[in-house]
Amino acid sequence: MDIQSIRKQFPILGQEVNGHPLVYLDSAATSQKPVSVLEAVDAYYKLNNSNVHRGVHTLGTRATDQYEGAREKVKHFINAASTAEIIFTRGTTTSLNTVAYGYARQFLKAGDEIVLTQMEHHSNLIPWQQAAKFTGATLKYIPMEADGTITLEAVRQTITEQTKLVAVTHVSNVLGTINPVKEITQIAHEKGAVVVVDGAQGIPHMKVDVTDLDCDFYAFSGHKMCAPTGIGVLYGKKAILEKMEPVEFGGEMIDFVDLYDSTWKELPWKFEGGTPIIAGAIGLGAAIDFLENIGMDNILAHEQQLVQYAIEQLSAIEGLKIFGPERRSGVLTFNMDQVHPHDTATVLDAEGIAIRAGHHCAQPLMKWLEVTATARASFYLYNDESDIDRLVEGIQRAKEYFGDVF
Amino acid sequence: MSFDNLDTLYRQVIMNHYKNPRNRGTLTEESVTIDMNNPTCGDRIELHLQIENGIVKDAKFEGEGCSISMSSASMMTQAIKGKKKDEAIYMSSIFSKMMLGEDVEDVEIDLGDIEALQGVSKFPARIKCATLAWKAMEKAVAADEEE
């Protein structure tokens, strides 16, 4: 992988921030976008903008072809059986809420169990809390090991005959833990539970094959994988999606409408009420082309190398604590003695280095880690070792700066 | 941006309040307690005010957060002790103006250490850290009035 030539395709990375060349280490929050994605969106608006699935005119046909073409790309990218299983949404949060409203609230009842992990992002936690309150189902958590991983033994002990739904993140946005979703799915299916995977931090960084994972739902966002904000995907197995009622009603998703009753379009459109996110979907299609051109396995290998280098370098800093397991995705969460993560992030920002500080939308996990906030550096295909060297220098300076105080 | 700019944010007096917070603790006397947090970053303050005859007789805080939020809480409790409620609210409005980068030199109250936080206005991402304690105080005064 030629990182220099990849970087050149991301115009935003070429700038100076606060007088220093930008080092962007916040891709777990959102990734940057390559020129090819920006151009695809631009070209759509300049040449083909039109509403989909309705116009008889030429622009309408072009827009529809491009929008449905993007769905086809997603289908291939995740190896789904059919485009009927690919629903475009606003992002992971909307995808997960679609399952919570369209499946959990419809089919769960008092006494049923919903199983989660303690490392879930709020978006894969609160929809289930609310669904549990609505249905009378109970929430259960798979306990975590001290290093922030879960064992299959713990999974087996938590999932019971009463478990009807298991919602688990593919990759933790804080710890970088890569969960064994294929094995979890197998265990859950043995007990008859459906499995929902939050793929927001998984799919941007590794090959995802939903047929191989055999999960029932896989939710993800475009903006963390080089596509624009506002587009996401809910993959769902056709048989289950067919049983579900739509969650948004209105234009676009209907078949016949009468004064007192209506029927729905077939999959996937019955879940896409209103004018869809056409430009976003086209941008996502372009992002998939870009990522596949580089190769998901190459991206994973590059990030693995980078995160190992980062762990080595940051471990050498006295008073710095790294959270999470040895084997992890390109996410490095840490804290420094005596320096609050917000202050670390501000000092780094003054050096042109963008990291995240806070609770990372995972408050229960912060509680488990016994911290209120952490600093997080996250990597993507456009980062290299020089970015990590700059991070290390910046952390040293933050330490010196605040060291004078203490 | 250089470290000189950082110095406008992290002035010595701020660091002093962060390292040696004034009025840290809880009040056993009959007092109003307000819990407030900054949901975007996790900073948290628990503010206790003892208000008698419209005067803030005592103020203490507990909490967790960055140097800006905790030093601001320390300074705020110091500033409002002994003040009338409306004076405290007025100070809070001056503080908000200061955070917006407005000139507050003409105001007729002694801002004391609080003035050191003026540099925060140049760091938009940190303004909410500085205003957390003041918002809690406003809420505590309002809660006292309801009683």
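How many residues of domain 1 of chain A are in contact with domain 2 of chain A, and how many of domain 2 face them? Hold that for a moment. First, a caution: this is a predicted model.

Start with chain A as a whole. Its secondary structure comes to 14 helices and 17 strands. The radius of gyration is 22 Å, close to the 22 Å that the globule rule gives for 406 residues, so chain A is as compact as a globular protein of that length. Along its principal axes, the C-alpha trace of chain A spans about 75 × 55 × 35 Å. Of the 406 residues in chain A, 51% are buried. Now take contacts in chain A between residues at least 6 apart in sequence: 72% of them join residues at least 24 apart.

Next, the domains. Chain A is divided in two: domain 1 takes 3-26 + 295-403, and domain 2 takes 50-293. Their centres, taken over C-alpha atoms, are separated by 29 Å.

Back to the opening question. In chain A, 21 residues of domain 1 are in contact with 20 residues of domain 2. On the domain 1 side, the elements giving two or more residues are helix 11 (296-315), strand 14 (331-336) and helix 13 (363-369) of chain A. Helix 11 of chain A gives the most to that side, with five residues. By class, the domain 1 side has 11 nonpolar, five polar and five charged residues.

Now chain B. It has five helices and three strands. Along the sequence, the pattern of chain B reads α-α-β-β-β-α-α-α. A compact globule of 147 residues would have a radius of gyration near 15 Å; chain B has 15 Å, so the two agree. The C-alpha trace of chain B spans about 50 × 35 × 25 Å along its principal axes. Buried residues make up 41% of chain B. Among contacts in chain B with a separation of 6 or more, 64% are between residues 24 or more positions apart.

One element of chain B deserves a stop: helix 3, residues 67-80. This helix has 14 residues and reaches 20 Å from its first C-alpha to its last, close to the 20 Å expected at 1.5 Å a residue. Is helix 3 of chain B enclosed or open? Of its 14 residues, 13 are buried, so helix 3 of chain B is largely enclosed by the rest of the structure. After the helix comes B:Gly82, with a positive phi near 85°.

How do the chains meet? The contact takes 19 residues from chain B and 16 residues from chain A. On the chain B side, helix 1 (3-9) and helix 2 (12-19) of chain B are the elements that give two or more residues. Helix 1 of chain B gives the most to that side, with four residues. By class, the chain B side has nine nonpolar, six polar and four charged residues.

Last, the core. In soluble globular proteins, nonpolar side chains tend to be buried together. Here, the largest nonpolar core has 157 residues. Those with the most contacts inside it are A:Val166, A:Tyr218, A:Ala287, B:Ala133 and B:Met137. Helix 10 of chain A, residues 278-294, gives the most to this core, with 10 residues. The core also draws at least three residues from each of domain 1 and domain 2 of chain A.

Zoom in on A:Val166. Leaving aside neighbours within four places in sequence, A:Val166 is in contact with A:Val115, A:Ile159, A:Ile184, A:Ala188, A:Ala193 and A:Val195.

Conventions:
Residues are numbered from 1 along each chain as its sequence is written. Chains are lettered from A and ligands numbered from 1 in the order in which they are written. This is a predicted model: local features need pLDDT of at least 70, side-chain atom pairs count only at pLDDT 80 or more; totals for chains, interfaces and linings use all residues. Two residues are in contact if their C-beta atoms, placed from the backbone, lie within 7 Å. Ala, Val, Leu, Ile, Met, Phe, Trp, Tyr, Cys and Pro count as nonpolar, Asp, Glu, Lys and Arg as charged, and the others, Gly among them, as polar. A nonpolar core is a set of buried Ala, Val, Leu, Ile, Met, Phe, Trp, Tyr and Cys residues joined through C-beta atoms within 7 Å. A residue is buried if 20 or more other C-beta atoms lie within 10 Å of its own, exposed if 12 or fewer, and partly exposed in between; C-beta atoms are placed from the backbone. Domain bounds come from an automatic or database domain assignment. The expected span of a helix is 1.5 Å times one less than its number of residues. The radius of gyration is taken over C-alpha atoms; the globule rule is 2.2 Å times the number of residues to the power 0.38.
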